[in-house]
Amino acid sequence: MPDEISSDFIRGYIDPMILCVLLQGPSYGYEVSKRIRQISGDLYMVKETTLYSAFARLEKGGLVESFPQVAENGKRRTYYRITPAGIDHYQARCREWKLTKDVVGRFMEGCGA
Amino acid sequence: MDDIRDFLESVFSKLPQTPEVHRAKDELGQMMEDKYAELLAQGMPEKDAAKAIIAEFGNPDEVLESLGVTPQPARKWHPGRIVALVLGVIAVCCVCWVAFCGRAEADPHAGNVDATIAEDFSSVDVSAACGDVVIKSGDVARVSYSGAANTSFEYEVQDGVLHVTQTQTSSAGTQASDGIVITVVVPSTAELSSIDATTQLGGVDLQGVEAARTDVSSQMGDVDVRDVDLSNATLRLSVDMGEIILDGNEVSPGTVVRGTGERIVDVSAEMGDVTVTAL
């Protein structure tokens, strides 16, 4: 079996991943999923349902807010932008990740060193 | 895009109809539309693009959980519902009995059929009103029918699709389905793009036959799918009133999605059990 990212694991980080994309500017569903794929170097593609669930969760938690936009061709899209609370949350998750990387790394990179 | 819309409709029709769920459907539709447009712009044929998008859709239960809705369990058995069901079953039995006893004219189309199919086909479409549908693999394509009076049975290959249709012709109420079996044998060498099989009254039994897209369902009866390779398939199982048994284990009823493969396997029963056993 080829090496693959554990989907259970990545699901725990999808929220800050989306916040990271939104830090670069407000965006909408498919564009966010494209950015995630790009940033991951094609190693991870988020499914529509996972992405939508994350948006709903983030909005419920006040970390993003949605607003409607109509494109030039008339297509209606739901856009999301990060909120100040979202920025704080993202920074907290970044600190948590550094700590996680440090601790787990002691076991996974040169076992017990 | 119609395939995608139909797919979304079918997934969402089984979920509780709240404003949040409608919003989810709307936005998921937006995402899928954008993705579809991009795949087409990259030169992918429409059918392939639709297939790819449907296969990568994911699990609708995840959406419900994030909205704080517990995925809908099988309908609860209120006493009133049980009484209604029992009365309904008694009524159906009475009508069936009358129909059986009361059959007057012999239907010229009824009777047994056991035919070899000479033309090649890449799709199978079976539609039955009352009777069991069995689809299995074999050396040569065949269609057989052990029927009853007051039913009609037709089959033909048209544009690469094997159509098999069984209906009841008697107007004297619902025909009982005992002993009525429609069997389709698909050559083991065939590569099918789709299998559709549905019966209103009776079971569906799919044994060891695979297609890029499979959709088997029954309104009143059990649906069995066995000896299929599910390692590269997205399996969607759904029961309204019955059990789901996957590889010998009972799974929570309602709608269950397993796997994210390219091949789509949809199995549903309104009033009956769904049993799936992989290869």
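User: Let's start with Asp247(B): what is its relative accessible area?
Analyst: Asp247(B) sits in the loop between strand S13 (244-246) and strand S14 (249-251) of chain B; strands are DSSP runs of E of at least two residues, helices are runs of H or I of at least four, and both are numbered from the N terminus. Buried means under 20% relative accessible area, exposed over 50% and partly exposed in between, with a 1.4 Å probe and protein chains only. Asp247(B) counts as partly exposed because its relative accessible area is 41%.

User: Good to know! Which pLDDT do local features need here?
Analyst: Residues are numbered from 1 along each chain as its sequence is written, chains are lettered from A and ligands numbered from 1 in the order in which they are written, and side-chain values use heavy atoms, leaving out hydrogens and water. This is a predicted model: totals for chains, interfaces and linings use all residues, side-chain atom pairs count only at pLDDT 80 or more, and local features need pLDDT of at least 70.

User: Where is phi of Asp159(B), a residue other than glycine?
Analyst: Asp159(B) belongs to the loop between strand S5 (151-158) and strand S6 (161-168) of chain B. With a relative accessible area of 77%, Asp159(B) is exposed. Its phi is positive even though the residue is not glycine, with a value near 55°.

User: Which residue makes a side-chain polar contact with Asp114(B)?
Analyst: Asp114(B) lies in strand S1 (residues 113-116) of chain B and is exposed, at 56% relative accessible area. Beyond neighbours within four places in sequence, Asp114(B) is in contact (heavy atoms within 4.5 Å) with Arg142(B), Val143(B) and Ser144(B). A polar contact is a pair of N or O atoms within 3.5 Å; within protein, one must be able to donate a hydrogen and the other to accept it, and residues adjacent in sequence count only if both atoms are side-chain atoms. At 3.0 Å, the side chain of Asp114(B) has such a contact with that of Arg142(B).

User: Are H1(B) and H3(B) roughly parallel or antiparallel to each other?
Analyst: Helix H1 (residues 2-13) and helix H3 (residues 46-55) of chain B pack with axes 9 Å apart and an angle of about 25°, where axes are lines fitted to C-alpha atoms over the stretch in contact and angles run from 0 to 180 degrees between N-to-C directions. Angles under 35 degrees count as roughly parallel, over 145 as roughly antiparallel, 65 to 115 as roughly perpendicular and the rest as oblique. H1(B) and H3(B) are therefore roughly parallel.

User: Turning to chain A, how many residues of helix H2 are buried?
Analyst: Helix H2 (residues 14-23) of chain A is largely enclosed by the rest of the structure. Its buried residues are Ile14(A), Asp15(A), Pro16(A), Ile18(A), Leu19(A), Val21(A) and Leu22(A). Of the 10 residues in H2(A), the buried ones number seven.

User: And what pattern does chain A follow along the sequence?
Analyst: Chain A has 113 residues, 39% of them buried. Its elements are five helices and three strands. Read along the sequence, they follow the pattern α-α-β-α-α-β-β-α.
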